[in-house]
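Okay, thanks for coming, everyone. I've got one structure to walk through today, so let me put it up and start with the metal.

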Amino acid sequence: MIRAIAYAGVSLWLTLASALAGDTPAQSARSAAEIMDILMWNREPVGGPFTLTDQAGHERTDRDFRGKLMLVYFGFTYCPDVCPADLQAIGLALDKLGRDGNQVQPIFITVDPERDTATHLADYVPLFHPRLIGLTGSAEAIRKVADAYKVYYARVPLDAGDYTVDHTAYIYLMDRDGNYLGFFPPGTSADRMVEIIRPRLAEPAR
Ligand code: NI
């Protein structure tokens, strides 16, 4: 009896210790359904401060992009189809905006920081647009920014120890002060993005 109690105590202590050690699970705090509900009905603020590392290995924060609109997209470089298609649309939209496109900063934030190192992002982001910035960071930093942007992501094991990452693929449009304007659903065409973004560019920069 005493032994059983002692054992339970040890096991509780181990659970607490691992919680305190801060092992960040490689997934968002909330489910996909909760996150879609928040975004659809605008129930909570979207976005917020971040400090991450770009594809050149430099530290970047949200404050670096003040004065520009931000198009923020979360995904991972091993994503087979959704991410590349949306990133291509983002790149095309920027080209279609012409010179005004310089006032829009496209940002790709990985939800797979373990594999998407800065070096790896450096090979990937230029495939879509020369000005696309890729951001990575610690598991903890990624989880914090993903939760702030109401992004769902979760690691899904595959055969032979491999894994993929399930994730929501909304494209977030933020204003020149970093405030959330709205999202484009996955599969939005470049033309549609241009239609929405162009009037925003006409608003004077503060
Ligand atoms: Ni993807």
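Along the chain, the donors of the nickel ion follow the spacing C-x3-C-x83-H. By donors I mean N, O and S atoms within 2.8 Å of the metal, or 3.2 Å for Na, K and Ca; water is not among the atoms, so sites may look incomplete. Which atoms coordinate the nickel ion? They're SG of C79, SG of C83 and NE2 of H167, at 2.0 to 2.2 Å. C79 is buried at 9% relative accessible area, and C83 is buried at 0%. Buried here is under 20% relative accessible area, exposed is over 50%, and partly exposed is in between, with a 1.4 Å probe and protein chains only.

Quick housekeeping. This is a predicted model, where local features need pLDDT of at least 70, side-chain atom pairs count only at pLDDT 80 or more, and totals for chains, interfaces and linings use all residues. Residues are numbered from 1 along each chain as its sequence is written, and side-chain values use heavy atoms, with hydrogens and water left out.

On to the rings. Rings of Phe, Tyr and Trp (its six-membered ring) pair if their centres lie within 6.5 Å; planes under 30 degrees apart are stacked, over 60 edge-to-face, and the rest tilted. That rule gives eight aromatic pairs. One of them is F108 with Y124, a tilted pair at 5.6 Å centre to centre and 40° between the planes. F108 sits in strand β4 (residues 104-110) and Y124 in helix α4 (residues 118-124), so this pair ties together parts 16 residues apart in sequence. Helices (H or I, at least four residues) and strands (E, at least two) are DSSP runs, numbered from the N terminus.

Now R115. It lies over the face of Y78, 4.5 Å from the ring centre, and its charged end also sits over the ring of Y163, 3.8 Å from the centre. The test is NZ of Lys or CZ of Arg within 6 Å of the ring centre and within 35 degrees of the ring normal.

Last stop, helix α2, residues 32-40. Which of its residues are buried? I35, I38 and L39. They cover an arc of only 95° around the axis, which puts them on the same side of α2; the arc is taken from the directions from the helix axis to the C-beta atoms. Just after α2, N42 takes a positive phi of about 50°.
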